[in-house]
Amino acid sequence: MADNGHSHGDNAEYYALRAEAIQALLIEKGVCTMDDIMTMADKIDSRSPADGAKVLAHAWVDPEYKARLLADAESALLELGYDLPETAPKLTVLENTDDVHNMAVCTLCSCYPRAIIGRPPAWYKGLAYRSRVVVDPRGVLQEFGTELDEDVQVRVIDSSADYRYLVLPKRPAGTEGMSEEDLAKLITQESMIGVGLALTPEQVSAS
Amino acid sequence: MPKVHDRGGWPNEDPIDQSEHEMEEWERKVDALNGVLGDLGLKTSDQLRRAIESMDLATYESLAYYEKWTAAMEMLLVEQGVMTTAEIDAKMETLKQGQA
């Protein structure tokens, strides 16, 4: 079963070799070089949830920045030095509040705000999350250990090749005096997808 | 029934497998190659999706993520005449012999 996207067994061996053959042919034919491929891999590696957390923590402490981020994510990211590629799909930041909790999914495949937080986790690409989250979001939240009050409205947003979403989690109570750097540590990958909440300072110090 | 990739609401009672695995180096390269081919104008996200979405159900469900990407990239490169399936088969044989 390949549901969490993990490659294994005979298929993996076959496709690993097939991919190598395709790359070797592209290089022989002068279409690209191994250096192009490795440079791209390093570039993709350079983005991680820490980048998104940094931006969102800044939005927590600066309400004007938050307003700009929610209105036009690309320009607001550029302010912090994140220059998304021209070809990157449109990015929207969705704010979680006392009343509304957003969750992102890509029911069709695996569209994800890679340009700012890197590659998606395996489960995000798996069939179970993609099938179930639109039908039973609260059940999925529970599976991730996330409890919401009954009166909070849950919105599930479907991503596409052209539109990507980053969730701005709610700032936890009791974090008023914290530095931006420490606040960023509360913002997890799961909280930026919306299957989790931001951590509390207690959770961070316990981990 | 919806198409093979259109999973929203598809009957599914499986628990969500939250385990993460270290990416294999070949998967990392396939991920990167996708970006390189995009920059070269040899594929768009929509083309890659179309190739993945054209798979039959059994293939779609049995292949892991980067296995699907590999199959889809092959489809697009062959379609555009960049290489042939026979060339890929032959290169695979050569690589296999190199490994032995």
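1. Start with A:K185, which is partly exposed in this predicted model. The side chain of A:K185 meets that of A:D182 in a salt bridge, with N and O 3.2 Å apart. A:D182 is partly exposed too, at a relative accessible area of 34%.

2. Now look for A:R68 and A:E79, another salt bridge, where the closest N and O atoms are 2.7 Å apart. A:R68 sits in helix α4 (residues 63–71) of chain A and A:E79 in helix α5 (residues 73–79) of chain A, so this pair ties together parts that are 11 residues apart in sequence. For A:R68 the relative accessible area is 36%, which makes this residue partly exposed. A:E79 also counts as partly exposed, at 44% relative accessibility.

3. Which residue of chain B meets the side chain of A:R18 in a salt bridge? The partner is B:E74, at 2.7 Å from N to O. This pair crosses between chains: A:R18 belongs to helix α1 (residues 9–28) of chain A, and B:E74 to helix α4 (residues 65–79) of chain B. Are the two residues buried or exposed? A:R18 is buried, with a relative accessible area of 4%, and B:E74 counts as buried at 13%.

4. Finally, step back to the whole structure, which holds 19 salt bridges over all chains. A network of salt bridges links A:D42, A:D45, A:R114 and A:R119 with B:E25, B:R28 and B:D31.

Methods. Residues are numbered from 1 along each chain as its sequence is written. Chains are lettered from A and ligands numbered from 1 in the order in which they are written. This is a predicted model: local features need pLDDT of at least 70, side-chain atom pairs count only at pLDDT 80 or more; totals for chains, interfaces and linings use all residues. Side-chain values use heavy atoms; hydrogens and water are left out. A salt bridge is a side-chain nitrogen of Lys or Arg within 4 Å of a carboxyl oxygen of Asp or Glu. Helices (H or I, at least four residues) and strands (E, at least two) are DSSP runs, numbered from the N terminus. Buried means under 20% relative accessible area, exposed over 50%, partly exposed in between (1.4 Å probe, protein chains only).
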